[in-house]
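Please look through the sequence and the structure shown below, and keep both in view as you read. The report that follows takes up a few places one after another.

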Amino acid sequence: MELFSSEVMVNDMETEPRCKWIDRHELRRLLALMLPLYVANLLHMGMGVTDTVVAGWSGELDLAAVAMGFSISGTVMIAGGAVLTILSAIISRLRGAGAEQKAGYILNNGKVLALCLTVVEVLIMFAGSFAFLFITDNVELATRAQHYVWYMLAGVPANLLMRVIMANFEGYGQTRPAMFVSLCGVLLNIPLNYILVFGWGNLPALGGAGCGLATAIINWCMCGCLLAIMLGSRMHRARARQMFALRRPDWRTVRHILRLGLPVGVASLCEMSFFSMVTLIMTPLGEVVVSAQQVAINVSGVIFMLPLSLSIAAAIRAAYHVGAGRSAAFGAMFRTLLVLTYGLVTCLMLATIVLRRDIVGLYTDSAVIVDMASVLLVYCAIYQIADATQAIMSGLLRGCHDTAIITWANLVSYWLIGLPLAYLLIRTDVIVPAMGAAGAWVSFIVSLSLTAVILSWRFVHTRRKVFAKP
């Protein structure tokens with residue numbers, strides 16, 4: 001048995017399951033995929049926490065510079081990486097169809113798309129870094145934020161290539177490599193941040209910008225680590241060679257991957273920018289309100305790692321069954337996914353409500369912030385069902401290769417409805433007396449619920465279509 005091999009590969013072609021709410025086979029498959037992804041996502045968040053803590057030790061100016069720099073670099077890199085997540089669903093679908101010999105060809109063209117996205121991301125991030133000079137009157141702050149972004153540029157190619165390599169493992173139902181490299185990244189991030197921010201020996205202190213350089217170096221290390229695992233595996237070695245073979249790109253295939261993946265990236269951008277804009281709307285309400293909102297958003301982000309991981313697992317399993325044309329197995333997976341998702345999310349909701357003051361106490365000892373953030377966490381708990389629903393429906397639609405609706409659902413729900421509603425509820429008395437921070441969370445609940453309804457309706461239609469008999 002090879003290191004990082006997964007039981008997901010075993011007994012995948014069993015007989016069609018009977019109709020029941022929980023299928024043990026699918027439950028094992030989903031958990032085997034989801035749990036490593038969940039740990040990897042939490043570890044990835046841990047790297048961001050490390051950046052914040054170390055930058056904070058360096059001073060308020062560096063902490064603000066990292067926050068400003070990440071607002072551009074982080075958003076662009078996450079959105080760009082989201083485009084390439086469709087590769088795992090494409091490879092899984094090929095496996096289901098018995099055409100996995102084409103996986104190396106897909107990875108090779110995915111690599112070409114990653115290089116094209118590198119150029120786009122670098123240009124956007126470099127141009128965006130000059131916006132800091134117009135956002136703030138503090139020239140030193142703007143300069144440090146610029147340097148943070150410029151250092152981050154060095155890690156863009158590695159970040160995108162890493163997404164392509166990771167898609168290979170995920171497409172084959174193996175998510176442990178992602179967990180392993182994320183753990184290595186966190187362990188390396190702590191000393192590397194400290195050395196680059198504060199200096200060591202002949203290395204100069206870079207301040208908050210050092211966090212950007214540390215992230216770039218870690219991206220290359222993680223990419224190299226994943227590639228080494230791929231080359232060292234008998235199962236994946238041939239595809240690694242195919243992926244990096246020098247061959248003429250098939251631009252039709254590249255466009256096909258982009259057509260499926262771009263809506264996912266745009267949807268991710270819409271969602272992230274929506275939450276950021278709502279926070280800006282709240283800024284005039286004062287530091288206490290913004291701080292309470294930031295705590296609640298952070299807690300929500302940690303909770304969301306669970307449905308996000310389930311969404312990726314759902315995309316992989318859905319794509320496999322669609323490729324194999326196994327409608328009954330798809331149905332068993334879907335029912336099991338619903339029970340698993342809502343069971344886990346309900347537990348998280350109850351824990352959030354019951355332990356809300358203790359959770360907020362981990363972030364701050366300010367009684368005022370604790371009181372306000374504790375109320376916001378009740379709203380946070382309420383919207384978890386809608387958030388989880390839209391996440392798994394998005395994953396299922398990716399698995400079915402129906403992604404365009406994801407962009408439109410997010411654009412309409414977040415920007416056309418959610419953002420105006422957030423402003424009206426937070427700052428005005430037009431609908432109800434101004435609700436302040438609570439109004440933001442009401443808008444989140446409405447937006448996420450609408451997204452969940454749209455994507456669920458689309459999934460019902462798409463499921464019938466992909467399994468329709470010719």
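## A leucine inside a helix

Is Leu 160 buried or exposed? Leu 160 is buried, because its relative accessible area is 0%, where buried means under 20% relative accessible area, exposed means over 50%, and partly exposed lies in between, with a 1.4 Å probe and protein chains only. This is a predicted model, in which local features need pLDDT of at least 70 and side-chain atom pairs count only at pLDDT 80 or more, while totals for chains, interfaces and linings use all residues. Residues are numbered from 1 along each chain as its sequence is written, and side-chain values use heavy atoms, with hydrogens and water left out.

Leu 160 belongs to helix α7, which covers residues 156-171; helices (H or I, at least four residues) and strands (E, at least two) are DSSP runs, numbered from the N terminus. If residues up to four places away in sequence are not counted, Leu 160 touches Gly 80, Gly 81, Leu 84, Ala 114, Leu 117, Thr 118 and Glu 121, where contact means heavy atoms within 4.5 Å. The C-alpha atoms of Leu 160 and Gly 110 are separated by 9.8 Å, although the two residues are 50 apart along the chain.

## Two helices that cross

Two packed helices are described by the angle between their axes and the distance between the axes. For helix α3 (residues 86-96) and helix α11 (residues 251-282), the axes come within 9 Å and cross at roughly 120 degrees. Axes here are lines fitted to C-alpha atoms, for helices over the stretch in contact, and angles run from 0 to 180 degrees between N-to-C directions. The helices α3 and α11 are therefore oblique to each other, since angles under 35 degrees count as roughly parallel, over 145 as roughly antiparallel, 65 to 115 as roughly perpendicular and the rest as oblique.

On the α3 side the contact is made by Ile 86, Leu 87 and Ile 90, and on the α11 side by Ile 257, Leu 260 and Gly 261. By class, this contact has 5 nonpolar, 1 polar and no charged residues, where Ala, Val, Leu, Ile, Met, Phe, Trp, Tyr, Cys and Pro count as nonpolar, Asp, Glu, Lys and Arg as charged, and the others, Gly among them, as polar.

## Aromatic rings

The structure holds 14 aromatic pairs; rings of Phe, Tyr and Trp (its six-membered ring) pair if their centres lie within 6.5 Å, and planes under 30 degrees apart count as stacked, over 60 as edge-to-face and the rest as tilted. The rings of Phe 126 and Phe 130 have centres 5.2 Å apart and planes at 80 degrees, so this pair is edge-to-face. Phe 126 is partly exposed, at a relative accessible area of 38%, and Phe 130 is also partly exposed, at 35%.

The pair of Trp 441 and Phe 444 is edge-to-face too, because the ring centres are 5.0 Å apart and the planes stand at 75 degrees. Both residues lie in helix α18 (residues 437-466), 3 residues apart, which is about one turn of the helix. Trp 441 counts as buried at 0% relative accessibility, and Phe 444 counts as buried at 0% as well. Ring pairs link Trp 441 and Phe 444 with Phe 274, Phe 275, Tyr 383 and Tyr 414 into a cluster.

## An exposed residue

Val 453 is placed in helix α18 and counts as exposed, at 55% relative accessibility.
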